[in-house]
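Welcome! Try each task yourself before you read the solution.

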Amino acid sequence: MEDLKQVAAKAALDYIKPGHTIGLGAGSTIAHLVNYLKAAETLFKSITTVTSSFNTQQLLQEHGFNTKQPGELSQLDIYFDGCDQFDHQLNALKSGGGIHTREKLLAAMADKFILIGDGSKYVTQLYTTFPVVIEVIPEAVPFVMKQLKKIFSLANPVIRLSNKKDGAVITENGNLLIDIWFRSFPPLDSLNHRLKEIPGILETSLFYNMAHAAIIAGKNGVEIIPK
Ligand code: 5RP
């Protein structure tokens, strides 16, 4: 039986036209979309793909997609990505993968940024079961930590450590990740703005006011936002 992520991924096919340049993010929902695209022969042959994710890149190559690197492009027709959660205004948190800088770049390059996921990710208001993650240049870490504690006195910023217990996670860009755990989120526009004002922070995992649409699969079928 198809799971809900598969159902959402299949619905995303309707948006892709022959000749499109399509950006793809990370995660299992995107992997389903790659598999559906491979099966849609005419589309598969005519589209160009680009991805923010190493795992998705491997899948695209295994399937023989025409792929480009993000640095070879300045514009995409559509960027599809999953997320950890998104709210009714389509603000999204993408905290898990720590590749949000590249994901945000592709989302910003796209004429349309479409979130896809199952209904469990669609929430009235973003809640703090996930941190806001920031990518920080190494030299700026002590300063950024100090600023975060000053500006968000009730938040708990923690440098992300590797699962292999061999120190901090280093991003593909050679930077560090700080998970900021909030007890409750400040208003999202001010949170976004205040983080972006701190020198040394490259990007945050809060995708504020960026997505144009969302495809959500729930037990009653597929819902497209905005309707
Ligand atoms: C990575 C992400 C992923 O898109 C998110 O974790 C969704 O994954 P899945 O489709 O497996 O639920 O944000 O940064």
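**Exercise 1. Find which residues of the largest nonpolar core touch the most other members.**

Solution. Begin with the terms: a residue is buried if 20 or more other C-beta atoms lie within 10 Å of its own, exposed if 12 or fewer, and partly exposed in between, with C-beta atoms placed from the backbone. A nonpolar core is then a set of buried Ala, Val, Leu, Ile, Met, Phe, Trp, Tyr and Cys residues joined through C-beta atoms within 7 Å. The largest such core has 50 residues, and Phe80, Ile114 and Leu115 touch the most other members. Strand S7 gives the most to this core, with five residues. Strands, like helices, are DSSP runs numbered from the N terminus (strands: E, at least two residues; helices: H or I, at least four).

Before going on, note that this is a predicted model, in which local features need pLDDT of at least 70 and side-chain atom pairs count only at pLDDT 80 or more, while totals for chains, interfaces and linings use all residues. Residues are numbered from 1 along each chain as its sequence is written.

**Exercise 2. List what Ile114 touches beyond its sequence neighbours.**

Solution. Contact here requires C-beta atoms, placed from the backbone, within 7 Å of each other. Leave out residues up to four places away in sequence; Ile114 then touches Ala12, Tyr15, Ile78, Phe80, Ala211, His212, Ala213, Ala214 and Ile215. Next, look at the strand pairing: Ile114 stands opposite Ala213 in S13.

**Exercise 3. Trace the strands that pair with S7 and S13.**

Solution. Strands of a sheet pair through backbone hydrogen bonds, either parallel or antiparallel. Two strands count as paired if DSSP finds at least two bridges between them.

1. Start at strand S4 (residues 76–81), which pairs with S7 in the parallel sense over five bridges. Leu76 stands opposite Ala110 in S7.
2. Move to S7 (residues 110–118), whose pairing with S13 (residues 213–218) is parallel, again with five bridges. Here Asp118 faces Ala217 in S13.
3. Go on to S14 (residues 221–225), which runs antiparallel to S13 and is joined to S13 by five bridges. Ala217 has Val222 as its bridge partner in S14.
4. Check the turn: S13 and S14 form a hairpin with two residues between them.

**Exercise 4. Work out the strand order of the open three-stranded sheet.**

Solution. The order is S5-S6-S12, with antiparallel pairing. S5 and S12 are the edge strands, as each pairs on one side only.

**Exercise 5. Is Met210 buried, exposed or partly exposed?**

Solution. First locate Met210, in the loop between strand S12 (206–207) and S13. Now count: Met210 is partly exposed because 17 C-beta neighbours lie inside 10 Å. Outside four places in sequence, Met210 is in contact with Ala107 and Phe113. Although Met210 and Phe113 are 97 residues apart in sequence, their C-alpha atoms are 7.2 Å apart in space.

**Exercise 6. Look at the backbone angles of Leu90, Asn209 and Pro226.**

Solution. Remember that most residues other than glycine have a negative phi, and most peptide bonds are trans.

- Leu90 has a positive phi near 65° and sits in the loop between strand S5 (85–86) and strand S6 (92–93). Leu90 is buried because 21 other C-beta atoms lie within 10 Å.
- Asn209 also has a positive phi, of about 55°, and lies in the loop between S12 and S13. Asn209 is exposed, since it has 11 other C-beta atoms within 10 Å.
- Pro226 lies in the segment after S14.

**Exercise 7. Describe the residues around the ligand.**

Solution. Of the 14 residues around the ligand, Gly27, Ser28, Thr29, Gly82 and Gly97 come nearest. Sorted by class, the shell has three nonpolar, seven polar and four charged residues. In this sorting, Ala, Val, Leu, Ile, Met, Phe, Trp, Tyr, Cys and Pro are nonpolar, Asp, Glu, Lys and Arg are charged, and the others, Gly among them, are polar.

Conventions. A residue is near a molecule or strand if its C-beta atom, placed from the backbone, lies within 6 Å of it. Two residues are in contact if their C-beta atoms, placed from the backbone, lie within 7 Å.
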